[in-house]
Amino acid sequence: IGRPLLVRGGVRLSEEVARCYTRHGLVETAGGREVHAFTLPYADQLCGHRPRVKTLAEYVAGLTARLEEDPADDLSYVFLDLPEDEDHLSFATNMPDLFRGRVRQISTQFALGGVLMGSPMHHHIHAVNSLVHGRKLWFLKPPAEQEFRKTVIYHDLVRSGGNPGQLRCLQEAGDLLFVPSAWVHAALCLCDCVAVAHEFDLLEPEFEDFMDTFS
C-alpha cells in the first residue's frame, strides 16, 4: 500500500453514534471525562511538558471563548489514546465500516481542537483518520523524506511560510483519510474539529486490492 488515500464521505456513522460527536452529544456523553491538552500531541512524553487538565465539557466551552481573542495564543489540543475499556468515549473506538474486519486494530486516538491547532510532521504504522466535524489541512511526505518533529504545527507553518512544496490534502467533515505506514504527515485544524484515528496492521492479503478499488 504505497500512497495515502482520501475517501470523500467515507465516514459512515449511525444516527446514534453521530449524535455523540456533536457538541451537545460530547458534553452529554463525556462531559465529565478528564482530558489533557497540549500544544502538540504527546508533549508530556516527547518534551516533558505539563498538560492543561480540564473536563471535556470545560474544554469544549473554551473552544468558543478562545475565538474572542487571538486563537494563536492558545493552541492546547486534545489528543487522547483511548484504552480498550474506555467508557465515556467508547463510541469512538469502532473502526470505520470500510476497514472493519479487513484489518487488525492496534489503537484509537480521539482528537478535539480548534482553528490553528494540530499535529506536527510525524510518522507511524498504517492509520485511518476520520473527520466527523470541521475541516483539516494535511501535509504529506513520502517515506524517503522521513522526519519526526517535536514542534507546534502552526509555528512551523509561520516559520516556513506555509511549508511550500509539500503535498497537501483538504479533509472535509465526513471524509476519511488513509495514511500508509511510514508516510510523514501533519494536520492543521481550519476550524473546530472532532476526529478519530485508528492505527492498524493488515489482516488479509486482499486488503491492497480492496484499497485499489478506490483509486
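Predicted model: local features only at pLDDT ≥ 70, side-chain atom pairs only at ≥ 80, totals over all residues.

Let us begin with the interior. In soluble globular proteins, nonpolar side chains tend to be buried together. Here, the largest nonpolar core has 44 residues, and those touching the most other members are Leu56, Leu89, Phe99, Phe110 and Leu112. The element that gives the most to this core is strand 12, residues 193-202, with five residues. Beyond its neighbours within four places in sequence, Phe110 is in contact with residues including Tyr21, Leu56, Phe79, Leu89 and Val194. There is also a second, separate core of eight residues, among them Met121, Phe139, Ile153 and Leu188.

We turn now to helix 2. Which residues of helix 2 are buried? They are Gly25, Leu26 and Ala30. These residues lie on the same side of helix 2, because they cover an arc of only 100° around the axis. That buried side is covered by elements including helix 1, helix 4, strand 5 and strand 12. On the face turned away from it, His24 and Glu28 are exposed.

Finally, the largest pocket. Its space comes to about 420 Å³. Of the 30 residues that line the pocket, Tyr42, Phe79, Ser119, His122 and His124 are the closest to its centre. Elements that give two or more residues to the lining include strand 4, strand 5, strand 6 and strand 12. By class, 16 lining residues are nonpolar, 11 are polar and three are charged.

Thank you for your attention.

How values were computed: Residues numbered from 1 in each chain as written. Heavy atoms only, no water. Core = buried A, V, L, I, M, F, W, Y, C linked by side-chain atoms within 4.5 Å. Buried < 20%, exposed > 50% of the residue type's maximum accessible area, 1.4 Å probe, protein only. Helix = DSSP H or I, 4+ residues; strand = E, 2+ residues; numbered from the N terminus. Contact = heavy atoms within 4.5 Å. 1 Å grid on protein atoms, 1.4 Å probe; cavity = no way out; pocket = protein on both sides within 12 Å on 5 of 7 lines; lining within 4 Å. Points joined across faces, edges and corners; volume = space filled by probe spheres on them. Nonpolar A, V, L, I, M, F, W, Y, C, P; charged D, E, K, R; others polar. Arc of directions from axis to C-beta.
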